Amino acid sequence: MSDFFSLLVEEFPQVRSGLWVTLEATVLGALLAGALAFALGLMAGSKLLLARGFSRVVVEFFRGTSLYIQLFWLYYAMPLLTGYELTPLICGVVAFGLNYGAYGAEVVRGAINSVPRGQYEAAIALNLSPARRLWKVILPQAWVQMIPSFTNLLIQLLKCTPLLWLISAADLMTVIQQLRDRTGETLTAYLTLLAAYFVLAYALTLLMNLLERGAKRRLGLDTGAKGLLKSRSTTATAVGGTR
Amino acid sequence: MNGFDWNAVGESLPLLLEGFRVTLLATVLGTLVAAVLGLAVAVAGRAPSKFVTVPVRAVTEFVRSTPLLVQLVGAAALFSSVEPLYIGIAVLGVHYAAYTSEVYRAGIDGVPKGQWEACRALSLSPRRTWQAVILPQAVRNVLPALGNYAISMFKETPFLAVITVQEMVFEARKYGADHFAYTEVFTLAGLIFLVASYPTSLLMRKLEKRLGH
């Protein structure tokens, strides 16, 4: 028991760098996924058939073909095919971003659709330009609906980062596994690892709850501080499903 | 080495399909475990005593917030004498039970309060209340959501390759490493997933619409 933890303290710089890789992959992957989600989600509501079709195909492709395979394709197959090699971390960021961007696009699409029709009509009646209509009227209302689903996706993304271990990026899992190999304390090592991910996931949830509260405030819906500590939103499955 | 080797495609396809059988088996059995265990967790979560509900909720929260891959690798390392496929099914089932329990919970909450009151008025036992009144109404509403989790479990079965279950991706990696033909096998494996999962999700969407969600 103590062996593992003393080694953990001893090798702290290594553990910290592993934690850093995990966080980097999560945050960068989430940013890419968010950008893609909005791009594809808005395209899905476009009047142009081409834009709609493109978004549909991309979303179905990346949702349909397992993240695991996308990651391995990028890592193993792409260098053979194109001669261009990505670093393991970038591979992870791209795969996570594409995969969760596709799931996120459905969330964006669903949330925009759920804004009441009357809001569109009112914005048109006020003669707002399409850009202002979207930015000032539709998105602020849709955004509140999106956050709980985005929180779920973010946690899912964090939970996929141990895949980096398989493509030899030195993430948190890699580092803890090395410590486990050196001490032979399997149970302690994996429980520590699980606890670390749990803490990370909860921290991300709290941040997203803060974001949700801010977004609700802007709409004049103040929910108070009680909801900030909740681990999961009850409305999480309302828009676009969880996965 | 550049380019796409069609021979490798033809040669690896039977192997991949062989592995695909294991993928399907793991998905079906894993879904069964998740559906049954999730229901048990959801019912236990409504127990009158806090000594039951609080630990149940804590464990569910922990399981669903931690990575499946770590759970799999950890379980395989701890129970190294057990057949990897069984470990995979058990871990997949437990992991997804944490999600399906939430689905059941919502389904049970959706049963009108009057139904509970009517059961009490008829002085039905708790067991009969659940069996004859609440669950039949709750389960019908949650079927589409359970189906969606089955699809996402299907897409996560490649994780089982890590603990040496010989499913499709395991075969793909092996063939890829032996023949240095990663492009072909991973493309093929991805397409098989797409072909299998897309019609299923279309079907689920139709079912969801029909049940009025």
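**Salt bridges and annotated spans: a tour**

Begin by selecting A:R56, A:E60, A:R63, A:E106, A:R109 and B:R205, which are linked in a network of salt bridges. The model is predicted. Over all chains, the structure holds 14 salt bridges.

Next, select B:R46 and B:D109. Their side chains meet in a salt bridge, with N to O at 2.1 Å. B:R46 sits in the loop between α1 (6–44) and α2 (50–65) of chain B, and B:D109 in helix α4 (residues 84–109), so the pair ties together parts that are 63 residues apart in sequence. B:R46 is partly exposed, at a relative accessible area of 34%. B:D109 is also partly exposed, with 43% relative accessibility.

B:D109 and B:R105 are four residues apart in helix α4 of chain B, a separation of about one helical turn.

The side chain of B:R105 meets that of B:E102 in a salt bridge of 3.3 Å, N to O. Here the spacing in helix α4 of chain B is three residues, again about one helical turn. B:R105 is partly exposed at 34% relative accessible area, and B:E102 is partly exposed at 29%.

Finish with the annotated spans. An unreviewed UniProt entry lists residues 20–47, 68–94 and 185–204 of chain B under "transmembrane region". Select residues 20–47 of chain B: the span is 89% helix and 0% strand, with its end C-alpha atoms 40 Å apart. Then select residues 68–94 of chain B, where the chain is 81% helix and 0% strand and the end C-alpha atoms lie 10 Å apart.

Note on methods: Residues are numbered from 1 along each chain as its sequence is written. Chains are lettered from A and ligands numbered from 1 in the order in which they are written. This is a predicted model: local features need pLDDT of at least 70, side-chain atom pairs count only at pLDDT 80 or more; totals for chains, interfaces and linings use all residues. Side-chain values use heavy atoms; hydrogens and water are left out. UniProt positions are given in the numbering used here, feature names are shortened, and annotations may be inferred rather than shown by experiment. Helices (H or I, at least four residues) and strands (E, at least two) are DSSP runs, numbered from the N terminus. A salt bridge is a side-chain nitrogen of Lys or Arg within 4 Å of a carboxyl oxygen of Asp or Glu. Buried means under 20% relative accessible area, exposed over 50%, partly exposed in between (1.4 Å probe, protein chains only).
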